[in-house]
Amino acid sequence: METTATPTHCPYCALQCGMNVTPLPQGGVEVTERPDFPVNRGALCGKGRTAAQVLSPAARLTSPLVRSGGRLVPAGWDEALDRIAGALSSARARGGPDAVGVFGGGGLTNEKAYGLGKFARVVLRTSQIDYNGRFCMSSAAAAGTKAFGLDRGLPFPLEDIPRTGCVILVGSNLAETMPPSLRFFGELRDNGGTLIVVDPRRTRTAEQADLHLAPRPGTDLALALGLLHLVVAEGRTDEEYIRERTAGWEEARAAAMAHWPEHVERITGVPVPQLRQAVRMFCEPRAAMVLTARGPEQQSKGTDTVGAWINLCLATGRAGRPLSGYGCLTGQGNGQGGREHGQKADQLPGYRKLDDPAARRHVAGVWGVDPDSLPGPGRSAYELLDALGTDIRALLLMGSNPVVSAPRAAHVEERLRSLDFLAVCDVVRSETAELADVVLPVTQWAEETGTTTSLEGRVLLRRRAVAPPPGIRSDLEVLRALAARLGVEKGFPADPEEVFEELRRASAGGPADYSGITYRRLAEENGVFWPCPEPPADSAPVSHPAHTDADADADGMYGANGAHDAGGASAPAGGPTRAPGAVHPGTPRLFLDRFATDDGRARFAAVAHRASAEEPDAEYPLLLTTGRVVSQYQSGAQTRRVAELNAAAPGPFVEVHPRLAARLGAVEGDPLAVVSRRGRAVAPARITAAIRPDTVFMPFHWPGEGRANTLTNPALDPTSKMPEFKTCAVRVEPLGAQE
C-alpha cells in the first residue's frame with residue numbers, strides 16, 4: 001500500500017487548515033500536522049485531528065439505498081440512479097421545471113457547487129435551487145456587497161490581524177468554532193493591540209478579550225449605531241476619508257445620532273461607560289478592524305446590522321487602508337466558494353447575478369446553451385424548504401442536513417416528508433437521509449480532489465489522499481450519470497480538474513474571477529487569492545511566489561489595482577500591481593485604492609434599530625440564542641460519529657443563569673423544557689453566570705428532543721433572506737430531577 005503523506009486541507013470550517021493525510025500499512029488513515037500552511041501553521045483542533053475517523057466504512061454509507069416497503073434497503077447504482085432520474089422527470093412532466101428543487105451545501109467543493117448549479121439550470125431547467133450557506137453568511141454578503149460592491153469574507157489575510165491596533169469581534173466564539181485562529185488574536189494582544197468581543201455570553205473567546213460587551217440578543221444593530229453616535233459626538237470621524245472615499249454619510253450620520261448612549265444602554269443592556277471605552281479603544285490606534293460572525297448576521301435585520309458595523313469602519317477611515325477593514329468570519333468549509341459559483345438562487349458562476357443579461361450571455365456561452373433558456377432567480381433556502389410538497393414535488397439534496405440545521409426544523413421535517421420524492425447524496429446516513437426515497441453514498445474530502453475557498457478568499461487545492469471504499473462514487477459522477485439519463489450527454493465531466501477549467505472560463509470577468517488560477521498554481525503556491533484574472537494570450541509566464549507578510553506593511557505598500565473586467569481592464573477592487581502580460585499573482589488585500597462600486601466609493605448604510613421579529617412577552621418571557629460547541633460541527637452528521645468528540649460533547653444542554661435557575665428551582669443536570677411558538681426541546685440544565693439572566697443558550701448539533709432548531713424563528717431578513725436563528729422568545733419549564 002502507498003503510504004506517502006498527501007498535503008491537503010481539513011473538511012470542516014472555513015479556516016481550511018492544512019494537514020497531511022497518510023494511509024497506514026495496517027489499515028486506516030493518519031492525520032498529521034502540516035506546518036507550511038500559514039493559516040494554522042500545523043495546529044489542528046479536535047475535529048480536524050480526528051477527521052479521518054469519518055473515512056471508516058463503519059461510520060459512513062457504503063452502498064446506495066432505496067426505499068422499499070417503508071424501509072431503506074441496499075441497491076445497485078443503476079437502480080438508484082434510474083429511480084432518481086425517473087422521479088425528477090415525472091415531477092417535471094406533471095408540474096413543470098419548478099416542480100423540482102435542488103438544495104446544496106456550503107461544504108461542497110467549488111467544482112461540485114458549480115456542477116450542481118449548472119445541472120439545475122441546464123438539465124432540470126428549474127429556478128428552485130439554493131443551499132444551506134444561506135443560513136450562514138448571507139447577511140454579511142449582502143451588506144458587504146451594498147457597501148463595497150463586492151463580497152469576500154475577509155478582504156485581507158488572517159496574518160494582518162496581529163499587526164492592527166484593535167479588533168471588534170462581533171458574535172463569534174472562535175475559540176470553539178475555529179480554535180486555530182485564536183492565536184492571531186493572542187498575537188494581536190502580545191503586540192500591544194486590543195480585542196473587544198461582543199457576545200451575550202461570556203464565552204471562551206470573550207474571556208480572552210480586553211473588553212467584553214454583552215448585549216441583549218437581537219440588539220447588535222442598536223449597539224453599532226450607539227458606538228457611531230459616540231464617534232461623531234467625540235469628534236473621532238475621519239472627514240477627509242469620508243469626503244474622498246465614501247458616499248451617503250449625511251443620511252447614515254443622521255440615523256446614528258438618533259441612538260444616543262443612554263437610549264442604547266436601555267435597548268442593549270451595555271452600560272454607557274463600556275460604550276465610551278469601546279470607542280476609545282477602537283479609534284485611538286492607527287488601524288483597526290471589525291469582524292462579524294453569525295451573532296449579528298443570523299437576524300431578521302442582519303443585513304442592516306452588518307451595515308451599521310461597516311459604517312463604524314467607514315466613518316473612522318478603517319476600510320480599504322492597511323491593516324484595517326471590515327470582514328466576515330465565514331463558517332462552513334467552502335462557505336465562501338459555495339456562494340460564488342452558482343448554487344445560490346440568484347446567482348451564476350463568478351458571483352454574477354442571474355438577472356444580469358450580460359452575465360447570462362457570458363455563462364450561457366460557456367455552457368453552450370441559449371441565454372433565454374436559463375431560468376430566473378428562485379426561492380431562498382428557507383422559502384424553498386417551506387414550499388416542499390406544495391409547489392415543489394421532488395427534491396435533489398447534496399451535502400446538507402436540514403432536518404437538524406434548518407429553522408423551525410419540525411416544520412421543515414414535515415415538508416420533507418410531504419414530498420413525492422426525495423433523493424439525498426451524502427457521506428453519512430444523516431437524519432435527512434433517513435427520510436429519502438433514494439440515498440447515494442458519495443466520496444468525501446480525503447477521497448477526492450477539488451478546490452475550496454477559505455474565509456480569506458484563498459482558493460485551495462484539496463488533494464485525494466486515499467481511495468474510497470468500493471461502491472462509492474463522487475458527486476460529479478452522480479451529476480454526470482443523472483444528466484445523461486435526463487437527455488444531456490455532454491457538459492458534465494466527472495474529472496474535477498476538467499470541471500475547474502470550465503469554472504475558470506465561466507468566472508472570467510466576474511467579481512469572483514478565478515480565470516488565472518490553475519490546479520498547478522494552487523499546488524505550487526499554497527493557494528491563490530481571488531480575484532485572479534487570466535493574463536492576456538500574449539503574456540509571458542512568470543513564477544508565482546507564495547504570499548507572505550512581505551506583500552504588505554503598515555505603511556501601505558500594497559500596490560494598485562488587481563481586479564478587472566471581462567476585457568482585462570483595471571477595475572475597482574484593489575490588489576497587487578502587475579506588469580502588462582504578467583501572470584496575475586492574486587489579490588490578498590482588497591479595496592486599497594478604490595472600492596468595487598461604479599464610482600469607487602464605499603456606501604454608508606442609513607439604518608435604524610428595530611425590534612427582532614419576536615420579542616419576549618408574558619407567555620414567552622425569555623430569549624433563546626443558539627450556537628456551537630468546540631467538539632461538534634454544524635448539524636453533527638459527521639462529528640457525532642467520532643467517539644472522542646462525542647465523549648467531549650455527548651449531547652445538547654440548556655445554559656441558564658443562576659438567578660433564572662433559582663426561580664425555576666432547577667439544579668445542574670435537571671431536564672429543562674424550552675418552549676417557543678414553534679415547538680419544544682428538552683435538554684439538561686447547565687447553570688452558569690456566563691450568560692445573561694434574560695437569555696438561555698442551546699447548541700444546535702443534535703436531533704431528537706434536544707433539537708434546538710425546533711424552536712428557532714424562520715423570520716427572514718428582507719434582503720439576505722437569512723432566518724432569525726439567533727433570537728426568539730421562549731419559556732423554560734423544569735421537568736424535575738431525572739430518576
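Tutor: A pocket is an open set of points on a 1 Å grid over the protein atoms alone, where a 1.4 Å probe fits and protein lies on both sides within 12 Å along at least five of seven lines; lining residues have an atom within 4 Å of a point. The model is predicted, so local features need pLDDT of at least 70 and side-chain atom pairs pLDDT 80 or more, while totals for chains, interfaces and linings use all residues. Residues are numbered from 1 along each chain as its sequence is written, and side-chain values use heavy atoms, without hydrogens and water.

Student: Which residues lie nearest the centre of the second largest pocket?
Tutor: The second largest pocket has a volume of about 400 Å³, a volume being the space filled by probe spheres set on the points, which are joined across faces, edges and corners. Its lining takes in 24 residues, and those nearest the centre are E176, V629, F653, E655 and R686.

Student: Which strand gives the most to the lining of the second largest pocket?
Tutor: The lining of this pocket divides into twelve nonpolar, four polar and eight charged residues. Here Ala, Val, Leu, Ile, Met, Phe, Trp, Tyr, Cys and Pro count as nonpolar, Asp, Glu, Lys and Arg as charged, and the others, Gly among them, as polar. Helices (H or I, at least four residues) and strands (E, at least two) are DSSP runs numbered from the N terminus. With three residues, the most is given by β28.

Student: How many residues apart in sequence are the parts that E447 and R60 tie together?
Tutor: E447 and R60 form a salt bridge, with the closest N and O atoms 2.7 Å apart. E447 lies in the loop between β18 (438-441) and β19 (450-453), and R60 in the loop between α1 (46-49) and β4 (65-68), so the separation of the parts in sequence is 387 residues.

Student: Are E447 and R60 buried or exposed?
Tutor: Buried means under 20% relative accessible area and exposed over 50%, with partly exposed in between (1.4 Å probe, protein chains only). Under that rule E447 and R60 are both buried.

Student: How many salt bridges does a search of the whole structure find?
Tutor: A salt bridge needs a side-chain nitrogen of Lys or Arg within 4 Å of a carboxyl oxygen of Asp or Glu. A further example is E502 with K118, whose closest N and O atoms are 2.8 Å apart. That pair links helix α20 (residues 496-507), which holds E502, to helix α3 (residues 110-124), which holds K118, 384 residues apart. For the whole structure the number of salt bridges is 46.

Student: What is the relative accessible area of D617, the salt-bridge partner of R677?
Tutor: R677 and D617 meet through their side chains in a salt bridge of 2.4 Å, N to O. R677 lies in the loop between β27 (671-676) and β28 (679-687) and D617 in the loop between β24 (602-603) and β25 (622-627), so the pair ties together parts 60 residues apart in sequence. R677 is partly exposed, at a relative accessible area of 41%. D617 is partly exposed as well, and its value is 31%.

Student: How many disulfides does the count come to?
Tutor: A disulfide requires two cysteine sulfur atoms within 2.5 Å. The sulfur of C728 is 18 Å from the closest cysteine sulfur, in C136, which is too far for a bond. C728 counts as buried at 1% relative accessibility. The count of disulfides is zero.
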